[in-house]
Amino acid sequence: MKFVLTTTALALILAAPAFADIKIGATISETGPASFLGDPEAKTLKLLVEEINAAGGVNGEKLELVIYDDGGDPNKARTFATRLVEDDEVVAVIGGTTTGTSMAIIPVFEDAEVPFISLAGAIEIIDPVKTYTFKTPHTDRMACAKIFEDMKKNAITKIGMISGSDGFGASMHKQCLSIVGDYGIEVLADETYGPTDADMTPQLTNIKGKDGIQAVLNPGFGQGPAIVTRNYAQLAVGLPLYQSHGVASDGFIELAGAEAAEGVRLPGTALLVAGLLPENDPQRAVVVAYKEAYEKATGKPVSTFGGYAHDALRILVDAITRAGSAEPSDIRDAIEGTKGLVGTTGTVTMTAEDHLGLDLSAFRMLQIEKGGWKIVE
Amino acid sequence: MRLSSKATTLLILAAVIAIAPVFFPSSYYFRVGSLIFVNGLAVTGLVILIGYAGQISLGHAGFAGIGAYACALAPVHLGLHPALAAVLGALLSAAIAYLVGRPILRLKGYYLAVTSLGFGILVSMVLSNEAQLTGGPDGMAVPELGLRAVLKAIGIDLSNTEFWYAFSGLVLVLGAWLALNLYHSPTGRALRALHGSEVAARTVGVDVAHYKLVAFVLSAIYASVSGSLLALQNKFITPDVAGFMHSIEMVTMTVLGGAGSVLGAILGAAILTTLPQVLTIFQEYEQLMLGLVMMLVMIFMREGLLPSITRRIRGRAE
């Protein structure tokens with residue numbers, strides 16, 4: 001009897017390490033000004049970790065998610081990042097909802113040599129490439145490229161721009177101007193508006209008055225683009241209007257009104273038009289599964305931003321599985337070796353020079369028709 | 001022999017800073033510690049303004065922003081060493097505080113609060129909107145101070161968090177020492193006199209406008225240095241440092257711990273810096289808890305935590 005007990009005890013002790021959890025960390029802006037980004041991200045991470053654990057975990061080990069809410073404050077994010085690395089001793093971190101928080105915490109992970117997957121847009125995060133830093137959302141520059149490609153296809157060579165002066169609008173404005181020449185497109189009018197402005201009629205009148213403009217592009221975020229769209233319809237400018245990926249949501253159509261938004265074009269992700277994707281689309285299965293799971297669990301419509309977190313976790317889990325180890329340096333190498341992983345934003349293939357791994361096929365050119373979306377390529 | 005209150009305060013402060021690391025299980029605690037010291041420094045400045053001189057400012061994060069961005073911008077554009085950039089930031093803050101303080105310190109109570117609030121918001125707006133210079137809301141990188149490398153060369157090898165714990169702790173003790181000296185100086189007495197009654201102070205020959213300005217400028221320098229320390233420690237800075245919430249946090253820390261006492265205000269900074277870390281499990285209730293603590297202190301300990309508690313311990317409770 002004693003022997004049996006001893007062996008059982010011994011077996012338990014020996015077996016225990018095999019069930020040791022893999023600890024992954026996250027610092028997300030669940031509250032504060034960026035909560036509309038951070039809230040779906042946090043919900044997605046919690047949902048997926050539960051799902052993965054219910055299905056048996058990763059390499060037979062359960063995932064443990066340590067998640068902190070930085071409220072969008074880069075200083076707080078930095079403290080939580082230090083805490084994740086030093087105190088919680090996680091093997092990898094997802095997070096940095098905004099560019100500010102991401103840039104503030106990158107040095108922590110580079111110092112501690114822990115892989116970090118950012119959920120923020122700016123290209124500065126991965127350019128120049130940093131050894132331990134990756135990201136999932138496509139960059140503003142890619143959105144600009146996608147829009148300019150579509151303009152070129154429609155023989156548009158002279159455009160007017162009206163940009164928000166908030167972080168998103170300003171960054172995308174800069175990126176668009178830096179590559180516009182490559183597409184043989186000329187910017188004849190360049191107007192801006194403040195993030196809380198209630199009327200953009202004067203700027204749009206200026207653009208309308210410029211001779212030769214063939215289309216208008218509006219890099220912006222939040223309510224600004226909706227007001228631009230409405231004023232644009234009121235002024236009957238009559239030229240194609242391009243919006244950015246920053247407003248690729250059903251909320252935008254509601255805010256601008258279906259009538260004013262009719263015909264507006266913008267680059268969006270497959271997630272937004274999950275139901276419209278053709279059966280043979282490689283992303284269809286992934287986005288439909290995520291959309292259904294998210295909407296069932298939260299009762300809220302799925303958003304692009306939650307999709308960023310979805311992709312980050314998938315990349316991480318895929319890397320841990322391939323590495324067969326939960327050592328931060330092994331995980332990092334495996335993330336860099338990610339190949340053909342289908343996510344909500346596109347198909348990810350990373351290299352030592354490319355820590356984003358997306359190309360322009362990540363975006364779908366969408367057009368608003370009768371208050372709904374239509375894929376136009 | 002009984003120690004003077006100044007020596008006691010400095011001894012307690014230095015002892016806590018020196019002994020606390022013994023109990024730190026990981027280097028993350030050094031990070032929290034250094035944040036407490038950085039906030040503590042800004043709050044010590046506010047003790048001079050609020051506690052000594054009885055003036056209010058809801059815009060001191062603006063000066064922290066100036067100090068922080070000086071460390072980010074001056075090395076890039078003027079080629080200054082980051083340490084000199086911090087000094088430049090402090091001088092700039094002092095100059096701006098002088099120019100802004102002259103007109104606004106004529107105002108009292110709510111009017112002063114609202115005007116100073118406007119100043120803070122202006123600074124954060126400039127930092128957000130001048131994107132080509134400051135990087136806008138996405139922030140910008142700050143160069144390395146380089147002191148850690150110097151220490152390593154002479155054989156003192158500290159990790160990043162350990163170094164900033166020690167360095168900001170040292171700056172805090174220095175700042176507290178200066179503030180305590182000021183308290184017992186003729187300027188300090190003038191400040192306390194005008195706090196008690198401006199009319200009475202003027203009657204006995206105190207130049208009220210001048211001394212208010214002195215307190216305002218000094219507290220701006222403290223805030224600026226604290227902003228510089230934060231920027232150099234994080235090596236990255238965003239306009240949030242100059243944000244409205246940061247100003248409010250500073251005043252809350254000061255009032256919570258006890259505006260009249262340097263040690264009390266630093267205790268307030270320690271509590272409000274640690275609280276969000278302790279309350280991560282109840283993150284949704286963080287603001288609620290903060291509000292509750294604040295209300296309880298305002299109702300039951302009107303002088304702030306530390307002064308009220310010491311008074312009670314000494315058995316002189318009213």
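In the predicted model, Ile28(A) has Asp69(A) as its bridge partner in strand β2(A). This pair belongs to the contact between strand β1 (residues 22–28) of chain A and β2(A), which run in the parallel sense and are joined over 7 bridges. Both strands are part of an open sheet of 5 strands in chain A, whose order is β2-β1-β3-β4-β5 and whose pairing is parallel. The edges of this sheet are formed by β2 and β5 (133–135) of chain A, each of which pairs on one side only, and from one strand to the next the twist averages 25°. Helix α2 (residues 35–54) of chain A packs on the sheet, where it touches β1, β2 and β3 (92–95) of chain A, and the direction of this helix makes about 165° with that of β2(A).

Two backbone features of chain A are found in loops. A cis peptide bond, with omega of about 5°, joins Asp127(A) and Pro128(A), and Pro128(A) is placed in the loop between β4 (116–118) and β5 of chain A. Ala155(A), a residue other than glycine, has a positive phi near 60°; its place is in the loop that runs between α5 (140–153) and β6 (158–164) of chain A.

A positive phi also occurs in a hairpin of chain A, which is formed by β13(A) and β14(A) with 2 residues between them; here Lys370(A), in the turn, has a phi of about 50°.

With regard to its overall division, chain A consists of domain 1 (20–138 + 285–361) and domain 2 (141–268). The C-alpha centres of domain 1 and domain 2 of chain A lie 31 Å apart, and the contact between them takes 8 residues from domain 1 of chain A and 10 residues from domain 2 of chain A. On the side of domain 1 of chain A that touches domain 2 of chain A, the residues divide into 4 nonpolar and 4 polar, with no charged residue. In an unreviewed entry, UniProt lists residues 22–369 of chain A for "domain: Leucine-binding protein". This span of chain A is 43% helix and 17% strand, and its end C-alpha atoms lie 46 Å apart.

Chain A also meets chain B, with 24 residues of chain A in contact with 23 residues of chain B. On the chain A side, the elements that give two or more residues are β2 (63–69), α3 (74–87), α4 (99–112) and α6 (167–179) of chain A, and the most is given by α3(A), with 9 residues. By class, the side of chain A that touches chain B has 7 nonpolar, 8 polar and 9 charged residues.

For chain B, an unreviewed UniProt entry lists residues 28–51, 58–77, 83–101, 110–127, 163–183, 255–275 and 287–306 under "transmembrane region". Over residues 28–51 of chain B, the chain is 100% helix and 0% strand, with 32 Å between the end C-alpha atoms. Over residues 287–306 of chain B, the chain is 80% helix and 0% strand, and the end C-alpha atoms are 22 Å apart.

Two packed helices are described by the angle between their axes and the distance between the axes. Helix α3 (residues 61–77) and helix α5 (residues 109–129) of chain B pack at an angle of about 30°, with their axes 7 Å apart, so that α3(B) is roughly parallel to α5(B). In this contact, Ala61(B), Gly62(B), Gly65(B), Ile66(B) and Tyr69(B) of α3(B) meet Phe119(B), Gly120(B), Val123(B), Ser124(B) and Leu127(B) of α5(B). The residues of this contact divide into 6 nonpolar and 4 polar, with no charged residue.

How values were computed:
Residues are numbered from 1 along each chain as its sequence is written. Chains are lettered from A and ligands numbered from 1 in the order in which they are written. This is a predicted model: local features need pLDDT of at least 70, side-chain atom pairs count only at pLDDT 80 or more; totals for chains, interfaces and linings use all residues. Axes are lines fitted to C-alpha atoms, for helices over the stretch in contact, and angles run from 0 to 180 degrees between N-to-C directions. Helices (H or I, at least four residues) and strands (E, at least two) are DSSP runs, numbered from the N terminus. Angles under 35 degrees count as roughly parallel, over 145 as roughly antiparallel, 65 to 115 as roughly perpendicular and the rest as oblique. Two residues are in contact if their C-beta atoms, placed from the backbone, lie within 7 Å. Ala, Val, Leu, Ile, Met, Phe, Trp, Tyr, Cys and Pro count as nonpolar, Asp, Glu, Lys and Arg as charged, and the others, Gly among them, as polar. UniProt positions are given in the numbering used here, feature names are shortened, and annotations may be inferred rather than shown by experiment. Domain bounds come from an automatic or database domain assignment. Two strands pair if DSSP finds at least two bridges between them.
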